[in-house]
Amino acid sequence: MSALAAPVQAEDGLAAWITPARTALVIIDMQVDFAAPEGRLGQWGVDLSTVPPALERAQALAEAARKAGAPVVFVGLFTRPETDSGAWRERMRRRGGDPDSDSGLCRADDVGSDWYGPKPLPGEAVVQKARYSGFHDAPLDSVLKGLGVDTLVVAGLTTECCVDCTVRDAFHLDYHVFVAADACAAYEPEVHAASLKALELNCAILVETDQVITAWEEAA
């Protein structure tokens, strides 16, 4: 266990566990292609009705984090043809999909990769990734260590994919991980619920946005 992952010795409760001095809010993949009606998934006819409430809750978390002095880190998918996964493309082909079309999500410098909902303010960290996990071949770990945090509150899209993969990797790297359940979404409610249950069983503590905001207000 790393020194950063030492347990709280004083008051043992949520306000102490996620005090702004040790905690970053990590917002994952809240981008046009995943969340906006005019994005790629919206154009493909995916039901996005579960997304707006998560965007609203993530925005509330961002505002509360900034007020309390907790850093906000945005992690987003920014793809390029040269970084596309050959295994991912082949998997799509074997499933009967079109790898060329399906690989076009969140192309860097395209409107589809723009933030949708909460947006980074000047000076806030932005981490670009090309795979599901924000830690895979991306500088998220070094960014967090540079901020001096050992605890994460996570919000984002989608619960079963990029949120799940990032949370698991964070846990493997000895971060304390709290998932803001109502600030995450999957496109199918039952998938969202199942993913949260698996994360809670194995590597994260589930919280609601209002609990986090109250804890940060108490800390402030």
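1. The lining of the largest pocket has 14 nonpolar, five polar and seven charged residues. This is a predicted model. The pocket has a volume of about 790 Å³. Of its 26 lining residues, Phe 34, Trp 88, Leu 105, Tyr 132 and Cys 161 are the closest to the centre.

2. Two helices to look at here are H5 (86-94) and H8 (159-172). Each supplies at least two residues of the pocket lining.

3. H4 (51-68) passes a length check. At 1.5 Å a residue, its 18 residues should span 26 Å, and its end C-alpha atoms are 26 Å apart, so the two agree. After the helix comes Gly 69, with a positive phi near 90 degrees.

4. The buried residues of H4 are Val 51, Ala 54, Leu 55, Ala 58, Ala 60, Leu 61, Ala 62, Ala 64 and Ala 65. Their cover includes strands E1, E2 (72-77), E4 and E5. It also includes helices H2 (32-35) and H10.

5. In H10 (residues 209-219), Thr 209, Val 212, Ile 213, Ala 215 and Trp 216 are buried. Seen down the helix axis, these residues fall within an arc of 160 degrees, so they line one face of H10. Glu 217 and Glu 218, on the other side, are exposed.

6. What do the buried residues of H10 pack against? Among the helices, they meet H1 (14-17) and H4. The strands are E1 (23-28), E4 (151-157), E5 (176-185) and E6 (205-207).

Key:
Residues numbered from 1 in each chain as written. Predicted model: local features only at pLDDT ≥ 70, side-chain atom pairs only at ≥ 80, totals over all residues. Heavy atoms only, no water. Buried < 20%, exposed > 50% of the residue type's maximum accessible area, 1.4 Å probe, protein only. Helix = DSSP H or I, 4+ residues; strand = E, 2+ residues; numbered from the N terminus. Arc of directions from axis to C-beta. Contact = heavy atoms within 4.5 Å. 1 Å grid on protein atoms, 1.4 Å probe; cavity = no way out; pocket = protein on both sides within 12 Å on 5 of 7 lines; lining within 4 Å. Points joined across faces, edges and corners; volume = space filled by probe spheres on them. Nonpolar A, V, L, I, M, F, W, Y, C, P; charged D, E, K, R; others polar. Expected span 1.5 Å × (residues − 1).
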